[in-house]
Amino acid sequence: MNHSRKLDPSLVQEIMAEPGGENLLTCWSCGTCAATCLVRRYDPAFNPRKILHQAGLGLREEVLSSAEIWQCSACDACYPRCPKQIHISEVMKAIRAVAIRAGYQRPGVTAHVDVAACIACGMCAVACPYEAIHLEMVPWNGTPKLAAQVDPNLCMACGICNSVCLSSSISVEGHTDVAINQRLNQDGAAEGPQPQTLVITCNWCLHAESDVAYAMHPPEGVRVVNVPCSGRVTPLFVFTALQRGMDGVLIVGCKEDACHYKHGNALERGRARMVQNLLDLLGLEQERVRFAWLGALDRGQFPELVGQMMRDVQAMGPLTWRE
Amino acid sequence: MVDAARHPKVEVMAYTEVDRVDGYIGNFRVQVTKKPRYVLEDRCNGCGACAKVCPIEVPNDFELGIAPRKAIDVPHGQAVPLIYAIDMDHCIHCYKCVTACGKLDAIDFSQEPETVDLDVGAIIVATGFESFDPSVIPEYGYGRYLNVITAMELERLANSAGPTVGRLIRPSDGQTPHSMAIIQCVGSRDSRYNEYCSGFCCMYAIKNALLLKQTYPEMDITIFYMDIRTPAKGYEEFYNRARHAGIRFIQGRPAQITEDPETHNLFVEAEDQALGQVLELEFEMVTLSAAAIPRKDAEQLASTLTLSRSPGGFFMEYHPKLRPVDAPTDGVFLAGAAQGPKDIPASVAQGSAAAARAARVLSAETWEIEPIVAHVWPDRCISAQGKKCGICATACPYGAITVVQGQAAYVTPAKCHGCGGCVAECPHDAITQDHFTDAQVVAQLRELLRENPEEKILAFMCHWCSYGGADNAGTSHFEYPATSRGIRVMCSARMDQDFILEAFRRGAGMVLVSGCHPQDCHYISGQQVAAKRFERVPRTLERLGINPERFRVEWISAAEGEKYARVITEMDAKLASLDKAQLRAENERARPEITKRLRRWATVPHMAELLEMELKEEVKV
Amino acid sequence: MLVDALREIVARKLETLDGVVALAEEQQRVMPRLYRRGDDLSTLVLGPRYPLALVVREILKRHPEAHLGVVTRGCQERALVELANWKQLDLQQIEVLGFPCSPEQAVECRCAQPYPQALVVGEPTPGVEDGLLAEFLAAKTTAERLAFWQRQFAKCIKCYGCRTICPLCFCNQCAMEQETWVARGRLPVPFPVFHVIKALHTAGVGKCVGCHACEDACPAAIPLSLLYALLRRDLKDLFGYEVGAQVRGDPPLFKIEEA
């Protein structure tokens with residue numbers, strides 16, 4: 001088996017010439033980023049240390065054609081821990097820029113705009129953590145129309161754009177409003193033991209294997225639904241769930257600045273207060289809706305969190321105002 | 001240590017602090033303060049009866065707070081001298097100790113601090129190091145998780161003279177752990193805390209692992225590392241022994257440690273790079289090999305002894321290769337970890353080296369210094385006239401200049417290393433440097449620029465770096481145009497702004513000032529003084545109507561012959577591109593103004609004739 | 001009289017503007033009207049309150065090059081500001097010819113700023129505290145609140161009047177008409193999602209200027225302004241956002257930055 005390889009130093013130069021790529025060679029492969037990375041927990045093929053090392057070696061084809069270089073979501077959990085203080089997500093961005101120039105594109109699902117429905121208000125562009133959306137003139141029915149357009153190479157499919165779009169014009173396949181509503185309210189009016197507790201959890205806040213296992217097989221009376229980011233959860237999901245059969249809703253997201261998609265959880269924290277206040281004004285018992293934020297060091301707390309919510313909802317009993 | 005204390009020619013003054021150091025090599029006057037022990041040294045026999053009865057317990061620093069000591073105590077059983085001392089911050093004055101001491105009557109509550117003056121010929125600084133506190137690293141949980149300890153704490157727990165009499169126990173439950181993780185490079189090799197490698201942690205981690213394996217053969221021990229550094233004699237073999245003994249080595253820096261709140265066991269998550277997998281492993285105890293850092297009082301000591309500090313904060317040696325135990329101040333030497341983290345063999349070697357260097361001083365009748373020292377002309381110094389100045393003292397990296405208002409500044413020749421910074425900084429031209437006087441430099445300028453000055457690049461170079469660099473260019477056969485003319489001074493700090501102006505007054509086409517890179521300056525901070533001065537020059541030139549592109553500042557090391565050649569080539573090209581007639585016109589226009597500015601210079605001895613200026617009587621400082 | 005002064009101003013402005021939007025009283029009915037140069041301005045009236053910003057918005061959608069004046073109150077000026085923030089119109093094309101509400105009108109709307117910044121006649125009327133909101137929050141228990149809103153929302157006939165008349169409702173595809181949120185053909189509307197959508201998509205995102213057009217339009221007299229006043233207050237308390245106060249060029253994104 002021939003293992004001889006061609007190492008291309010010009011790849012290194014190219015990456016280091018991109019803004020953000022300057023520190024590529026400073027990395028000495030300590031592996032702290034790989035051990036921290038949340039993406040890696042779900043997809044072991046993604047290894048930021050390995051990517052930087054491959055890039056540093058100049059393995060041009062391997063790096064630029066890989067699917068992994070597109071997976072970093074710039075959550076920056078690794079950055080504060082890197083002993084060389086390399087802003088790894090910026091290096092990834094630099095590598096992607098080189099890849100785009102070489103004709104590569106991000107694989108997989110990205111957000112999609114319904115041009116007919118779009119009113120070009122710009123909210124999705126403001127909300128997108130990756131600045132992947134811009135308002136552009138696009139052809140539509142013979143005349144150009146101003147509408148949001150998504151750069152697929154920048155989009156991380158978090159769905160935050162969908163959560164802020166008031167006219168339902170932008171969505172990510174698999175996590176549309178319709179799809180999520182179906183998952184939240186699969187049987188319409190709840191069958192099974194009352195009261196029912198709904199848990200909406202983001203993909204990234206469950207850090208221990210036991211937490212993930214619990215989420216996949218929750219106890220009776222609890223339904224767990226996954227969304228890419230807690231920021232995807234519009235308050236309407238909460239009210240709809242209550243209206244259609246859930247007696248309590250727990251939304252779990254990432255703590256503080258640990259959001260996998262930069263600011264999704266901050267958005268949700270803002271909404272949390274408003275949701276609680278609106279529930280209170282409408283007389284809907286704000287204790288039935290709870291928001292919780294889990295950090296990397298909160299491993300193993302998910303079952304207790306859910307258990308407590310379940311007990312509290314049971315104590316409150318089923319909703320009285322549902323028709 | 002006992003040998004040292006009993007040596008007839010060694011006086012150990014423990015519990016004493018250095019307040020002040022004056023003087024110079026061979027003639028230091030050191031003022032120290034002996035702190036009061038409240039125990040009479042000539043009566044106390046170290047029996048410990050006082051400590052037995054003392055009711056007050058406080059954390060023992062030597063045991064890193066793991067074990068207590070009394071308000072009257074010694075740091076540990078092998079302390080030299082074995083004389084007790086009372087910690088007055090915690091003593092409650094119950095006088096039980098006095099009673100216990102009995103007939104010996106060694107306790108004296110009336111003791112006061114005592115100031116002692118020492119005349120010494122040489123000083124050795126061997127003040128050691130401290131340990132980095134890992135509680136600032138949140139992801140490792142030190143200070144939050146009970147069973148995460150530092151290597152130093154492990155040393156005490158595993159030590160048969162320590163607080164647990166050598167039995168390793170977990171802080172959470174007092175049980176001996178069945179498994180231990182040791183994590184390397186905590187606070188070392190880390191841009192956030194300390195860039196450097198602490199050097200001895202790999203070895204002591206392996207040592208601790210082997211010691212534990214010896215005492216607890218069934219203990220599961222894992223060392224998480226980035227690199228194992230075992231460079232010295234026998235070290236690599238030691239590492240092999242550890243691997244053979246079944247100690248596990250995982251190459252991968254842990255990202256975080258989390259705790260099981262019930263068992264207080266710890267989960268260490270790290271990527272095992274050899275496997276290419278992230279592992280999460282459970283341990284009953286974790287030891288952090290924390291960095292060695294300079295002592296907190298290093299700053300203060302540096303100021304007392306006029307020592308400089310290297311980037312990591314340890315005391316700086318005169319030269320890392322050629323004079324590694326000399327401090328920049330003559331007569332002061334460094335030994336051990338105070339100069340940089342190192343292990344015992346290296347520290348002992350350095351100690352011997354420092355002793356030998358000090359012995360040279362003590363055994364000499366006289367001491368030879370370089371003659372290129374600075375001295376003040378008292379009649380020109382404005383401090384002598386009662387005005388407040390001291391600019392020279394500020395520029396001196398060695399603290400060699402004393403300035404008292406009302407008296408002329410005084411340069412202690414034994415402390416002066418001859419950088420010339422004070423000479424260039426003095427606004428009244430009141431200091432000169434032997435063998436590098438203003439007159440000597442200006443004489444060179446005059447000759448070098450006598451013919452066709454507009455076609456020449458006048459290059460000022462510092463002896464240690466850029467001159468060496470120019471030399472290197474020559475010996476390496478790097479070609480460059482023959483338009484440059486060089487003047488050597490000891491340090492770029494010596495390059496007076498007036499030299500630059502005089503060069504232009506003489507009609508120079510271009511002027512280059514060059515010196516060491518900031519971290520290389522032979523005179524520690526000379527380059528910094530120069531750099532700040534040169535920053536102001538372009539504006540001055542602009543105001544004089546001289547194109548500032550005719551002036552260039554470059555930092556060139558002695559090995560950078562290529563750079564020197566390149567710089568001169570670039571400047572030559574630039575010079576060729578400038579309109580000669582305009583250049584001459586610039587010089588003409590600027591000449592009268594520069595002459596006016598240099599008027600005062602003409603009052604310096606020998607200068608009037610060299611500058612070809614008439615001395616006006618009215619010039620007063 | 002304010003209205004006389006205004007008519008004169010409008011006459012002058014019509015020399016240069018393509019038109020002025022105002023209310024006109026004709027045949028004993030008051031309706032929005034686009035006055036052009038040369039029109040008889042004696043029909044121009046000030047009241048009652050009406051969401052003229054919506055009219056401006058629609059005209060500009062069809063005539064993107066037009067320059068219009070609008071004779072209106074504080075709330076509509078704020079509506080125009082927010083429409084600009086949400087990129088639905090360009091404020092450069094609009095000149096507000098503002099007048100203050102009367103003190104009685106301010107009390108009726110419980111309005112904190114019953115006058116526009118661009119006042120061309122009259123003096124700013126002092127703002128009024130929202131006593132109704134305070135009273136509601138203080139006096140009613142959770143159960144009473146629930147009963148209150150159940151009763152109010154039960155009256156809803158799903159006419160979409162509140163949505164249609166709101167100057168800040170401009171979506172092509174309205175969430176209130178999406179089956180995934182609101183089942184078709186059910187009356188009364190299931191409590192409470194239908195009304196929560198309207199509340200969160202206007203007041204909840206900083207679009208509600210408190211103009212009361214929705215409440216005025218509602219045939220069932222549902223106290224919508226009370227519901228929206230709470231969310232407006234939350235925006236102010238939590239995020240410091242004042243609806244209609246500042247032209248930013250982008251819609252506001254509300255994040256809580258600290259934990």
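This is a predicted model: local features need pLDDT of at least 70, side-chain atom pairs count only at pLDDT 80 or more; totals for chains, interfaces and linings use all residues.
Biologist: What percentage of the residues in chain B is buried?
Modeller: A residue is buried if 20 or more other C-beta atoms lie within 10 Å of its own. Chain B has 621 residues, and the buried share is 40%.

Biologist: What share of the contacts in chain B with a separation of 6 or more is between residues 24 or more positions apart?
Modeller: A contact here needs C-beta atoms within 7 Å. Among contacts in chain B with a separation of 6 or more, the share from residues 24 or more positions apart is 69%.

Biologist: Which element gives the largest share of the side of chain A that touches chain C?
Modeller: This contact takes 37 residues from chain A and 40 residues from chain C. On the chain A side, the elements giving two or more residues are α7 (123-127), α9 (177-184), α11 (235-244) and α12 (264-281). The residues of that side divide into 20 nonpolar, 11 polar and 6 charged. The largest share, 9 residues, comes from α12(A).

Biologist: Which element gives the largest share of the side of chain B that touches chain A?
Modeller: Here chain B gives 17 residues and chain A gives 16 residues. Two or more residues on the chain B side come from β14 (256-259) and from β15 (266-272). That side holds 5 nonpolar, 5 polar and 7 charged residues. Its largest share, 3 residues, comes from β15(B).

Key:
Residues are numbered from 1 along each chain as its sequence is written. Chains are lettered from A and ligands numbered from 1 in the order in which they are written. A residue is buried if 20 or more other C-beta atoms lie within 10 Å of its own, exposed if 12 or fewer, and partly exposed in between; C-beta atoms are placed from the backbone. Two residues are in contact if their C-beta atoms, placed from the backbone, lie within 7 Å. Helices (H or I, at least four residues) and strands (E, at least two) are DSSP runs, numbered from the N terminus. Ala, Val, Leu, Ile, Met, Phe, Trp, Tyr, Cys and Pro count as nonpolar, Asp, Glu, Lys and Arg as charged, and the others, Gly among them, as polar.
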